[in-house]
Structure formats: C-alpha cells, structure tokens
6 protein chains.
Amino acid sequence: MIRESFTLKLSGHLFDSEDLLPKYVDLIRELWKNGYRMAIVTGGGSLARRYIELGRKININESLLDMLGISASRLNAQLLAAALSDIAYLPIPTNLDEVFRAWSTGRLVITGGFQPGQSTATVALLISEFLGIKRLIDCANIDAVYTNDPRVDSNARKLDKVSISELMAILRSRTVAGTYDLLDPWALSIAQRSGITIYVIGCGKLSSLRRLITEGTSDGTVITP
Amino acid sequence: MIRESFTLKLSGHLFDSEDLLPKYVDLIRELWKNGYRMAIVTGGGSLARRYIELGRKININESLLDMLGISASRLNAQLLAAALSDIAYLPIPTNLDEVFRAWSTGRLVITGGFQPGQSTATVALLISEFLGIKRLIDCANIDAVYTNDPRVDSNARKLDKVSISELMAILRSRTVAGTYDLLDPWALSIAQRSGITIYVIGCGKLSSLRRLITEGTSDGTVITP
Amino acid sequence: MIRESFTLKLSGHLFDSEDLLPKYVDLIRELWKNGYRMAIVTGGGSLARRYIELGRKININESLLDMLGISASRLNAQLLAAALSDIAYLPIPTNLDEVFRAWSTGRLVITGGFQPGQSTATVALLISEFLGIKRLIDCANIDAVYTNDPRVDSNARKLDKVSISELMAILRSRTVAGTYDLLDPWALSIAQRSGITIYVIGCGKLSSLRRLITEGTSDGTVITP
Amino acid sequence: MIRESFTLKLSGHLFDSEDLLPKYVDLIRELWKNGYRMAIVTGGGSLARRYIELGRKININESLLDMLGISASRLNAQLLAAALSDIAYLPIPTNLDEVFRAWSTGRLVITGGFQPGQSTATVALLISEFLGIKRLIDCANIDAVYTNDPRVDSNARKLDKVSISELMAILRSRTVAGTYDLLDPWALSIAQRSGITIYVIGCGKLSSLRRLITEGTSDGTVITP
Amino acid sequence: MIRESFTLKLSGHLFDSEDLLPKYVDLIRELWKNGYRMAIVTGGGSLARRYIELGRKININESLLDMLGISASRLNAQLLAAALSDIAYLPIPTNLDEVFRAWSTGRLVITGGFQPGQSTATVALLISEFLGIKRLIDCANIDAVYTNDPRVDSNARKLDKVSISELMAILRSRTVAGTYDLLDPWALSIAQRSGITIYVIGCGKLSSLRRLITEGTSDGTVITP
Amino acid sequence: MIRESFTLKLSGHLFDSEDLLPKYVDLIRELWKNGYRMAIVTGGGSLARRYIELGRKININESLLDMLGISASRLNAQLLAAALSDIAYLPIPTNLDEVFRAWSTGRLVITGGFQPGQSTATVALLISEFLGIKRLIDCANIDAVYTNDPRVDSNARKLDKVSISELMAILRSRTVAGTYDLLDPWALSIAQRSGITIYVIGCGKLSSLRRLITEGTSDGTVITP
Ligand SMILES: Nc1ncnc2c1ncn2[C@@H]1O[C@H](COP(=O)(O)OP(=O)(O)OP(=O)(O)O)[C@@H](O)[C@H]1O
Ligand SMILES: Nc1ncnc2c1ncn2[C@@H]1O[C@H](COP(=O)(O)OP(=O)(O)OP(=O)(O)O)[C@@H](O)[C@H]1O
Ligand SMILES: Nc1ncnc2c1ncn2[C@@H]1O[C@H](COP(=O)(O)OP(=O)(O)OP(=O)(O)O)[C@@H](O)[C@H]1O
Ligand SMILES: Nc1ncnc2c1ncn2[C@@H]1O[C@H](COP(=O)(O)OP(=O)(O)OP(=O)(O)O)[C@@H](O)[C@H]1O
Ligand SMILES: Nc1ncnc2c1ncn2[C@@H]1O[C@H](COP(=O)(O)OP(=O)(O)OP(=O)(O)O)[C@@H](O)[C@H]1O
Ligand SMILES: [Co+2]
Ligand SMILES: [Co+2]
Ligand SMILES: [Co+2]
Ligand SMILES: [Co+2]
Ligand SMILES: [Co+2]
Ligand SMILES: [Co+2]
Ligand SMILES: [Mg+2]
Ligand SMILES: [Mg+2]
C-alpha cells in the first residue's frame, strides 16, 4: 500500500469518456478524504490531437502546435479541478514555481503540460522530483509497457517489471526511431537520477488504480530506478 | 469602406470548419497587410459546449462551467494567433490591462472570453470601448439579427437596420425570457453609452465580411447607437 | 442565524464616515473570531464619484472612467484589509483567480471592483457563485429595496421580501430607463441561476448587520432566488 | 532648452485643482507631440493624506499606511494616464522592471510611488538613474527650495542654485530633525552618485514648467550634482 | 529569550563558507521545529561584489549594478530556501506583496534584496515593519557596531548598547562621508518610527546567534528604538 | 553571410573572463547596429557549478540544484543585458511567453535557462523553433564537436560537418552513458523536427564568431538538420 505522496498522470483520453471521468472524480476525492496526498498531471488526449491537426493545416510551426496541445491538456486539468473544487487548487499551475505555491496551500494540485517539446509524462516526473515524491502512477491509454508499441508491432511483449536502464536499451534498439508516446528518454532520465519508481497501468479500468493504491498490487508495469 | 480600427467578433463555430478557418486566416492577414487595424475576439463554439456539458455531468457550478467555456474560447484564440504569429500578439490577453499592453506593441490583438457571466460579444464591446474603437463587426453563427431567434420562431423577421434602444425593446418583449445568445443587454448598454455601431453578419460566407470591410456594404444587420 | 460562509457588500459611502468605519472594523474582526467566514466587496463611494467627475472634465472615455472607479473601490478595500491585517489577505485580489488563491489560504478576502461596465454588487455575486456561497448581504447606501429609487420617486414603496423575478419585472417597468444603482439585471441574473439569496440592509446602523448575522432577522429587504 | 529625455515629478496637490490639471494634460501632450520624451511620477497629495489619517484612526501600522499613500499616488497617475491614453502607457507600472517594459514600448510612462518608507521624489530619481536620464524637474507644492521649510520658519531663504552636498549640509544642520517633505537624503544621494540635476519649481503656475522646458530658464532652484 | 517572531539578516559572506553554511541550515531548521517563527533576508556578499566589479568594467550604470547585486543576494536566498525546502517558501519573494503572500502560507520566508539604492538591512527592516515584527537580528560580517568602521579606523570602539538617535548622531559625525555598509540612515529611520530593536552580532560564530535567540544574551550590539 | 535572424548560445564560461566579455559586448552591439537580429542564451558556467556543488553539500535535491544553475545562468544574462541596456530587453525572460513579449518590442532578447532537466542549449533551440529562427550559433567551451568528449577521450576526432542523425548515432554509441555536456538528444531532436542548422564554434576567440556571422565561414562544426 502506498501511503506517502504520489504523482498521478492521467491519459488525456480519459476525458473522452463520459462514463469513466465521473468515476475517477469520485475515486480521487475518496482517496484524498482518506489521507492520500497526490499531484495530478493530465494529458491532452483527442482534444490536443484535434487542435494540432487543425493547426497543421494552417501551417502553424511545431513549437506553437505543441503549445496548442499544452493548452488542451490544461483544459482537461481545469475540468478535473473544477469538479474537485472543494479540494483542488485553481487556477491550473503552468510551471514548477506555481506548483510549489499551490502545493504549499495543502490543496490537491492538478496541472497539464508545461513546455513545447516535452511530454506530460515528463511534466509528471519534473513535479515528482521537484516535490521530492518517489512514486509516479501513469494511468495510460494502454494497460502496460510493451517491448514495442503493440498498436504497430503485434510481437510486442508485455513487461511486468523492468529497470529504467533496461527500458532505455529496449526503446533505443527499436529499429524505427521516432516519438516515444508513452515514456520518452528525458522522462526516464529524470526518474533515474532521482530514484523515482513509475507504475504504468491502463486508465480503462478504475480497479487497476484503486488496487495499486490501496493494496500495492500492479497489473501493469513497474519501472524501477 | 471602414478604414479606421475596428473590432471583429468571430463565432466559435468557425473553428469547427476546416474549410472556412484557413480562408479567414488568409483574409485577416491580407487586411492587416493592407493597413486595416483590428482587435479580434473569438467565441468558444462547440468546444465550449462540449466541456460545459461534460462539466455539468460532474456537478461543476455555473461559475466554473463558464470558466471552462472561457478557456475553450481562448484555445480558439490561440489557434488563430498561432496561425497569424507573424503579425499577432501572444500569449492571449485575458483582461483589459493585458489588451492594452498587447495593443501598444502594434501587433494584432486576439482574445477569447474574460469572466463568468459575460458573453464574448460583451468582451468585444468592452475592448472596443476601452481602445476607443467605434465599430464592432460580429461574424455570428447566424446571418443577421431577427425579431426573435429564427431557430425557435419561424415568424422571426430579419432586421436590416435597428437602433440599440429599439433592439432592447424587442428583446425585452420576447414572451419567453431566457439567454440572449447573440447579444445580451449588457453588451448593448456598453455600445449605447459609448456610441459604438455593431454590424452583425454571418460567418458562413467569407464574402460578407470582405464586402463589409472593403466596400462598407452590410448584408446582415446594422445596430446603431 | 447564518453560520455558513456569506458574502458582504459594503457601500463605498461607509468610507466617508470616520465614526462608522472603526465600528465595522471591530464587528468584522469579532465575527471572524467567532467563526463566521466571509468574503467582502467594497464600493467606490464618494471617492469614485470625485475621480470620475474629474476625469470626465478631461475627456476620459467611459471605460477608463470606470477603471478609476474600480481603483477607488480597491483603495477602500485596501484600507479595510490593512485595518484587519491580522486576519485579512493582501494585496487586494483583482479577479476571480486571485480570489481563489486568497480564499484557499483561509484568510479573510476583501476586494473592490473587477471590470468596467460592472457594479461592485455584481462582483459580490460573481464571487459568491464562484466560491459556492449562497448568501449575499448588501450593506447599501439605503435601508432597503424600494419599488423605485426613493430619492427620485416619493411614491416608492419599501419591499420586505421579493423574488428575483418579481424584482426584475419591477425594475423593468420603471418608466425612465437608466442605471440601476443598487442592483443591476446582470447581478440579479447571477443570483437567479445559482440560487443566491440577497439581503439588502442599510449600512448606516451597525445593528442591522449584527442582527441579520447573529439572529437572522432582516430589517431591510430579502430577495429570494 | 532641454531636448533630451527628462523625468517630471508632479506634486499630488495638482490633482486637487480642477483648473490646473486640464492645463497640465494639454501641456504634456503638446510637449510629447513636439518630440520631448519624459517619464512622469505623481505624488499622493491630499488624497494620500486623507486615507493615511483615516488609517491612523483605525490603528494601521506605518508600513501599511505608506502603502495606502502609494495607492493614492497611483490613482493620480492613473487619472493622468487615462487623460493621455492616446500617448501614455497603462496599467500604471509599480516597480522598475515594469517601468522598463513600459518605456521600451515608446509610450509616455507615468507612475506613482513604489515602496513604503520612500518618497515619490526618490521614485523619480530611481527611474531617472535606471533609464539613464540626467534631469529631473520637480513641480512641487512650493516654488523653490529654501534654507528651511518656509511654512514653519519665516526666516527661510530661497535658494536659486545649490549643489547636492551643500543642500545635504543645510538639511542636516536644521535643529529639529524630522521628515524632509520636499527632498530626502536618500533621493539626494541617488542624484549625486549618478550625476542627475534636479530643477525644483512650483506647480502652481504652468508658465514655470513651460519656460524651464522650452527656454531652459528656472525661476525655482537648480540643484547640481 | 525571544519567542515571538523575529527577522534575521544573514550577511552574504556566510555563503562563502562551506563550513558555516550547513550549520546555519541545521540551526534554522531546529529553531523552526521548536516553534520560532522568522523571516530571513540574505546579503549578496562576495558574489554581489564580483558581478558589480565585472559590470563596472563594462560601463553598467549604478542602478543596473545594484540590480546585479540584488540578483546575487536572491541567489543566496534561493540556495538557503532550497536547503530548507521542507519548511521554506519558494520562489524567493521580490517585494512586500509577495512577502505577505508567502508569509500567509505559514512557511519560512527567505528573501534577498528588493530595489536599487537600498541595502538588504533596509529590506529586513521594511519586512519587519510590514509584518509587525519588533526584533531584527543582523548576523553581520563584523561582530558588533563600532563608533566607526574598525577596518579603516583602528580607534573605533565597540558599542554594547546604543539608541537609534545616538547611533544616527555617531554615523553623521564621521568626518569622511560615505556609504554605511552595516546600517544606513534609511534603515535606522524605519526602525525608529516603528519601534524595532536591532541586535547586531557576528555571523562567524554560530553560538552568538543561538545564545541570543535561546537565552536572550547579546555579545554584539543592541540598538534600541 | 548570415543576414536573417539567428540565435546565439554563449557558454557560461565566457563570464569568467574579464578580457573576453567586454569584447563580446562590443561585437554584439556592433552587429545589432549593422542590422543583424538575434536572440541570445547564456550558460551558467563556473558560477552555476559553484552553487550546485555548494547545494549538493547541504543535500538539495536534483530539481532544486538545477534551479540554482538556472538562476546562475540568468545572472549572466542580466549582466550582459545590463551592459547592452541601450538595445536589450529587461527583465530577463524566464519562459517562451515572456520571450515572445520581449521579442515583439524589437529589442535584443537575452535569456538564461528555463527549467530543471534541460540544458541551455535546449533552451536556445526551443527559442529558435518558437520564433521561426533557422540558425543557432553555439559559442561553446570547446572549439567544435568531436566524436567523443576530447577532455576524457584523447582519440576523439573533430567533426567539420555532421548531420543530426549521424551525430545522434555517434553520441548513442559512446560506451559510457552519461550527460552530454555540449548537446543533448532533446536539443538535437528539436533541431531535427524544425530544420534548424547548428554551428558549434569555440567562444575563446572572438574571430570565430565574427567570421561565421559576417563571412559565413565556420572553423568549428556545422550540424545540418
Ligand atoms: N513500448 C510501448 N508500450 C506501450 N505503449 C506504447 C509503447 N510505445 C508507444 N506506445 C503507445 O503509447 C500510448 C500510451 O501513452 P499515453 O497514455 O500517454 O497516451 P496518449 O495518447 O499520449 O495520451 P495523453 O493525452 O495523455 O498524452 C499508447 O497509445 C501506445 O500505443
Ligand atoms: N429601487 C431602488 N431601491 C432602493 N435604492 C435604489 C433603488 N434604485 C436606485 N437606488 C439607489 O441605490 C443606492 C444604493 O446603492 P449602493 O449602496 O450601492 O450605493 P452606491 O452609492 O452605489 O455605493 P457604492 O460606492 O458601494 O457603489 C441609493 O443611493 C438609492 O438612491
Ligand atoms: N527646505 C524646504 N524648502 C522648500 N520646501 C520645504 C522645505 N522643507 C520642507 N518643505 C515642504 O515641502 C513641501 C513641498 O513638497 P511636495 O511638492 O513634494 O509636496 P507634497 O505635499 O509632499 O506633495 P506630494 O503629494 O507630491 O508628495 C512644501 O509643502 C514645503 O512646506
Ligand atoms: N560603524 C561600523 N561598525 C561596524 N562595522 C562597520 C561600521 N561601518 C562600516 N562597517 C562595515 O560593515 C560591514 C558589515 O556589514 P554586513 O554584514 O552587511 O556586510 P556586507 O559585506 O555588507 O554583507 P552583505 O553581503 O550582507 O551586504 C563590515 O565589513 C564593516 O567593515
Ligand atoms: N562530443 C563532444 N564534443 C565536444 N565537446 C564535448 C563532447 N562531449 C562533451 N563535451 C564537453 O562539452 C563542453 C562544452 O559545452 P558548453 O560550451 O555548453 O560548456 P558548459 O560548461 O556546459 O557551459 P555552460 O555554462 O554554457 O553550460 C566541453 O567542456 C566538452 O568537454
Ligand atoms: Co494520444
Ligand atoms: Co454558439
Ligand atoms: Co453612490
Ligand atoms: Co503634501
Ligand atoms: Co560585504
Ligand atoms: Co561547464
Ligand atoms: Mg502521451
Ligand atoms: Mg512630497
């Protein structure tokens, strides 16, 4: 069971589901009332993708496209914080200094992305490191880390437990270079230098998150520093 | 022909159309390069509606729902400003003080909404009044002002020209009270006290806007102070 | 007796009285120490009127005149917060985001106005709605709401209790349109959509406020949503 | 004739006069249009005194009283900037960083006070030094510097020209220690270390200022570094 | 023994010593855990001197040189706050408004300098006055106040106890005018008007600070208001 | 010859040299006056290293150590901007939004670092991409890119020209993993996705920079996208 503070990354795709979202709201409030302390980072999901696609059609540069994605992730964060306005901090912090200000009020801190060229997973690790938090739970758009992206490689194998350096080697050996949707090398290097354990689970079933937090049992991947 | 500064309110629904949006981007840049000076306010459109509906399902209060709508309108403003980043100001101003700072750099100023309980049309009038601008062009989700909402009342009659006080009387006499989607009394009272003319045209055809600006001919409604 | 949080609107004219002001300071501190939680909004009073008149003589536009009035109301707020600096928040919040930051520290929040074209009564309702507060006490420059402004209409009748929709009808039926000094339609519509009860009492006698808060008895007007 | 940039300190008492103020507004605009570049600092005048007196009655500490005086001086600055909104910067800068931002837009910069325990004359010297400006014109509530405050010492003698070190010696030798209303030692030491000339003239006659600027003739006191 | 809140000025030269600094970090945390409440101001020390000297070589003006010194003092403040990040506030406040925000979270507030032409000792007194704190402990680069700077005048005599007005007279009578490294007249005048006692001790021995705080015994100079 | 806008990364070690720094100040001003437009990013150099080492001794976490390094790099940026205060923007921007605001005034923009876990080289690429700049000149603490760090590997070979993907492969193949002092993979991936050419030259000789800018001849390494 994890009783210290933890960081929770929620896939932006959670905000596409009118069924799942209310359940997550209730679970987070329940955990908070039971004494769990956490910081939450939300992804941009399909909203980010839509505005980035629209932007690409009108020739917006990569940096400004990323900023649209960041604003989308912040809109998701704002929705969640508004639903939890009895316990959460508003307005949504947009950098580490504001995270510290929000955190020091004792309220639940929820953010989206921070900067172009940086995934929201990296933001979650930056916040963890900054606040001295040693566990990140990544509720992803997939149920675990695989040896390769299972949506493009049907031979990809699920990993139950993997060290950061092993995972870096696996990701590096993938023949086609490209973006690492789930976890990028920068995110992993922060986890490594500060000894942060990452739990990747799927956001599709609420039970994965509840079990991990209240019982300490992972049905996804544990990435050890 | 309107050659002084004007304010342009763009319906948020414009951002639903992958066809229209690029054309508006090109027209705005062309006008700017030809010496027209303007401030633009974007609505929240269907994105705002989606997040407000989602928020209502998870019991968010009216004030925080409005704030989600405001953030949605700002995302639209950011998309437009990013596409016009050679001439427009960033980041998106969120109040009148920031509008002044942005305006005094000489760049094109684009904003979304400002405050709960306030339409983006009112924002456009606040900005007009603040900057001493005497003309607001409202590119709406409908082609003109009618005696009643034509989507609910088939007897509604299109108005070519109407004074603000006549329009206020018409809106007040409508049997069913409710929200004034297009123009609310607060917006109208600002136009009145500061002598601002409002041109309502439809955003569906680019030619309405181009003709109004370059030839001064309205095919919508002219609201005189 | 009202024991939940409430919002208190103080007429700016209170700050003209060197006798009344210290008594309000003491009463507010006493209530706070007894566990009452509140947000306070101060009006601009005669200071606002003086600077607006001066500004009109030098041709300042309506928007910038309103901003002078807002700064005047903030100076009143700052005076009150400085006198209550053991319990109140400083600097004076100037928008809803800052109100939230201040409120989440647990200190007494005091503001003046927010935006041109908006009364401080509307600010008080925006703050109430934003923080989920259901009662606004308006300590006005008059002892109750009347069927018309008693200073211009000697037939005006005092209202003990009135619903928001009745009051809207009364205000609308007044032959001469104009500014609604006490409560404008925008303020009332926020109260209505969020179910906020408004108690209008006079600020001239401290006993009206004390009795309303500690005994729940109004000698002014109760406006029900 | 002074054609380089200069700093102008305007006594807060100017804002008590409905006759003088409009003339200053016109003169400043005329000078600006003729190519003179300046930064302006306004005093708090009788408004500051009124709020400080009120505050002292309700036991506000010295630091917070000074802050009320600063806010009063900023309200005066805002009134002036609003009247000159075609050429001046808004919102009113509140520290040197904001002064730089405002100055670099090329607009007329107007401020009030900055910090407790610091006169607006000192603010004017800090701004001069920061922007590399070598001349400060102090339009004071008195027509020149005297060997002592002429309002309390009838033997005080007017000084036409005095060096900073001589003036420091004169001020230091005054038997009764106390506040130096016109120019304090801190202000003088900044003028000295950065070689700034101070021209003290009275704000009561517009001609003193006009003549000093356009002809270079002082009918007050010239303080040389 | 001093159990109320106090302000602590730490000489910037403390940050030159890899031996002393960790001990101060431990002592401050220990005091905080034992219930002592304080605000800390750090000087710029040799880092400030180095950047100011470098800046003078490339012709930077006095105001901007002071700003470099302020940034150096803030870097020292940041180092200390980072070492105490379990109890201290971040980011480093840069003016009194931010000090209030930080102080109202209940965390340990640490700042550097504020403004050109102003010593960090003056900052410590401004903060004391603003927060209503009546004791300032100045851990200086020297063990006490002397009748003159002992580094230039070998006849200088150590003062055990001195009133502010006596000290002002002593400092004023020094033949060679100049900068008052330890305490300037502006700092002293704030202490005087608000009745703040200043304890000057040396920062070289940790025991001086510990004894003063826990036993109330000074081995330096007590300056009484 | 490069006449479009470019970004210039200056090694923090430049600020250790009282000889070189003034020459760089003069060259930058000369280039600016000749019409070259640039944004500059300064490293933290030995100052950053000193504060990070000091911080590590008092157990500061990695995130807060990086923030000390960022503040050090900003102090260098502030020194340079102060020396160029006739053309440069102040205060030092700390994120991309502030860079845009500064850039749109037409002044020379100088920054230090932005965020923990991110080199100042990456900041220079983020700014290039954001502003649509296609050339980055990296004045490094070494005269070119080598096949390995020449300070640890005496067999390292200088590279005259290399593509980003080749360089990524070279860096990845280095046996001992570790930090990439000069250019990290994140920096390179931004250059790649936005087609930015990086010129690495040594900061030790002013002639390398002058020749590259005015003649287009590199004596270091050209990294092509
Ligand atoms: N090795 C891998 N193992 C698992 N998933 C992978 C791997 N490589 C890429 N992926 C992809 O990563 C995605 C999961 O990442 P994530 O939960 O962050 O989703 P996302 O769409 O990026 O959402 P967000 O809006 O939060 O950014 C999956 O869609 C999966 O296809
Ligand atoms: N129907 C009405 N009933 C009561 N008062 C009314 C009515 N219509 C207008 N008023 C006017 O409203 C004023 C009371 O409003 P309020 O207390 O807000 O005063 P104010 O002068 O606006 O102060 P503030 O400085 O707070 O804005 C009275 O002066 C009264 O003449
Ligand atoms: N030696 C002196 N020579 C001239 N005036 C002096 C002297 N000492 C004190 N004073 C006083 O200084 C005042 C002029 O200062 P100033 O113009 O700043 O007025 P103020 O009331 O402080 O206005 P503000 O609102 O700008 O602060 C006069 O009222 C005068 O009595
Ligand atoms: N009358 C005096 N008595 C004692 N010290 C004096 C006196 N006048 C000048 N000094 C000088 O003041 C210095 C002490 O001031 P302080 O501790 O503030 O040092 P500092 O170098 O200014 O550090 P900081 O970095 O904090 O500004 C000593 O170096 C001493 O030489
Ligand atoms: N493959 C390589 N080729 C060249 N230099 C390398 C390489 N790998 C590591 N380095 C190191 O990179 C350093 C140059 O980087 P840079 O100019 O950024 O210096 P820095 O010390 O990081 O300065 P800053 O203060 O700007 O961060 C050199 O000290 C060199 O030893
Ligand atoms: Co996705
Ligand atoms: Co709509
Ligand atoms: Co009134
Ligand atoms: Co006065
Ligand atoms: Co020193
Ligand atoms: Co280095
Ligand atoms: Mg992702
Ligand atoms: Mg004065």
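A residue counts as near a ligand here if one of its heavy atoms lies within 4 Å of it. Keep in mind throughout that this is a predicted model.

With that cut-off, ligand 1 has 20 residues around it, and the closest include A:Gly12, A:His13 and A:Gly45. A:Asn141 and A:Asp149 are also among the closest. What is the make-up of the shell around ligand 1? The shell has 7 nonpolar, 8 polar and 5 charged residues.

Now the polar contacts of ligand 1. A polar backbone atom of A:Gly12 is 2.9 Å from an oxygen atom of the ligand. At A:Gly44, a backbone N or O atom lies 3.1 Å from an oxygen atom of ligand 1. A:Arg151 takes part through its side chain, with an N or O atom 3.0 Å from a ligand 1 oxygen. On its own, ligand 1 exposes 630 Å², and the protein buries 90% of that.

Next, ligand 2, in chain C. There are 20 residues around ligand 2, and those that come nearest are C:Gly12, C:His13, C:Gly45, C:Asn141 and C:Asp149. For the contacts, I start with the backbone. A backbone N or O atom of C:Gly12 sits 2.9 Å from a ligand 2 oxygen, and a polar backbone atom of C:Gly45 is 2.6 Å from an oxygen atom of ligand 2. From the side chains, C:Asp149 places a polar atom 2.8 Å from a ligand 2 oxygen. The protein buries 90% of the 640 Å² that ligand 2 exposes when taken alone. The shell around ligand 2 divides into 7 nonpolar, 8 polar and 5 charged residues.

Then ligand 4, in chain E. It is surrounded by 20 residues, with E:Gly12, E:His13, E:Gly45, E:Asn141 and E:Asp149 the closest. E:Asn141 uses its backbone, where an N or O atom lies 2.7 Å from a ligand 4 oxygen. Of the 640 Å² of accessible area that ligand 4 has on its own, the protein covers 90%. The shell residues of ligand 4 are 7 nonpolar, 8 polar and 5 charged.

On to the arrangement of chains.

For chains D and F, a rotation of 120° with 0.0 Å of shift along its axis superposes D on F, at an RMSD of 0.0 Å. These two copies are thus related as by a three-fold rotation axis. Within chain D, D:Thr105 comes closest to the rotation axis, its C-alpha at 3.6 Å.

Some pairs do not meet. Chain A and chain D share no contact, and their closest C-alpha atoms lie 19 Å apart. Chain C and chain F do not touch either, with nearest C-alpha atoms 20 Å apart.

Last, the core. The largest nonpolar core has 552 residues, and Leu108 of chains A, B, C, D, E and F touches the most other members. Taking chain B, and leaving out residues up to four places away in sequence, B:Leu108 touches several residues, including B:Ile28, B:Trp32, B:Met38 and B:Ile40. B:Leu84, B:Ile87, B:Ala88 and B:Tyr89 are also touched by B:Leu108.

Definitions and conventions. Residues numbered from 1 in each chain as written. Chains lettered and ligands numbered in written order. Predicted model: local features only at pLDDT ≥ 70, side-chain atom pairs only at ≥ 80, totals over all residues. Heavy atoms only, no water. Polar contact = N/O pair within 3.5 Å; in protein donor to acceptor, adjacent residues only side chain to side chain. Areas by Shrake-Rupley, 256 points an atom, 1.4 Å probe, with all protein chains shown as cover. Nonpolar A, V, L, I, M, F, W, Y, C, P; charged D, E, K, R; others polar. Contact = heavy atoms within 4.5 Å. Core = buried A, V, L, I, M, F, W, Y, C linked by side-chain atoms within 4.5 Å. Buried < 20%, exposed > 50% of the residue type's maximum accessible area, 1.4 Å probe, protein only. Least-squares fit on C-alpha atoms with pLDDT ≥ 70 in both.
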